[in-house]
Amino acid sequence: MAKQLVGVAKFHVPGGQATPAPPVGTSLGRFGINLGQFVQQFNERTRQHLGMRIPVVVRVYNDRSFEMETKSPVAADLLKQAAGIAKGASNPPKEKVGKVTRAQLEEIAKAKMADLNARDMEHARRILEGSARSMGLDVVD
């Protein structure tokens, strides 16, 4: 008998720091999968992005097995790391909290290219520029 897809769960978890507590437990507990096994696999796979939010898509099958797809870290976290700030501006048009260079945006775009809805590197960079501006970051050359 073939495996049937029972459900799909999407959530964000800090890389390398997953625990069976929420959001993991609340998202996956209803499917009855082994949360310890998920946490161990997730932490092992995302150890290099320690502390950054990692989007994850989990497909659960009728035999309680699962497939996990991890994406690249959230763009806002990468931008905050590049600018060296703790959080974005509370009023972005009037308040500027940091600066990022176009070279830094290019590196972030390369890392996130698979997860962005962009046809080429130029458009990916422009998407990230918009995200940076909405966080209160200045984009400089």
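Guide: A salt bridge is a side-chain nitrogen of Lys or Arg within 4 Å of a carboxyl oxygen of Asp or Glu. This is a predicted model, in which local features need pLDDT of at least 70 and side-chain atom pairs count only at pLDDT 80 or more, while totals for chains, interfaces and linings use all residues. Residues are numbered from 1 along each chain as its sequence is written, and side-chain values use heavy atoms, with hydrogens and water left out.

Visitor: How many salt bridges does the structure hold?

Guide: Side chains of opposite charge can pair when their charged atoms come close. The structure holds ten salt bridges.

Visitor: Which residue forms a salt bridge with Glu 129?

Guide: The partner is Arg 102, with the closest N and O atoms 2.7 Å apart. This pair links distant parts of the chain, 27 residues apart: Glu 129 lies in helix 5 (residues 121-134) and Arg 102 in helix 4 (residues 102-112). Helices here are DSSP runs (H or I, at least four residues), numbered from the N terminus.

Visitor: Is Glu 129 buried or exposed?

Guide: Buried means under 20% relative accessible area, exposed over 50%, and partly exposed in between (1.4 Å probe, protein chains only). Glu 129 counts as buried because its relative accessibility is 8%, whereas Arg 102, at 31%, is partly exposed.

Visitor: Which residues are linked with Arg 102 in a network of salt bridges?

Guide: The network joins Arg 102, Glu 106, Glu 122, Arg 125, Glu 129, Arg 133 and Asp 141.

Visitor: Where do Lys 80 and Asp 77 lie?

Guide: Both belong to helix 3 (residues 75-83), three residues apart, about one turn of the helix.

Terms used: Helix = DSSP H or I, 4+ residues; strand = E, 2+ residues; numbered from the N terminus.
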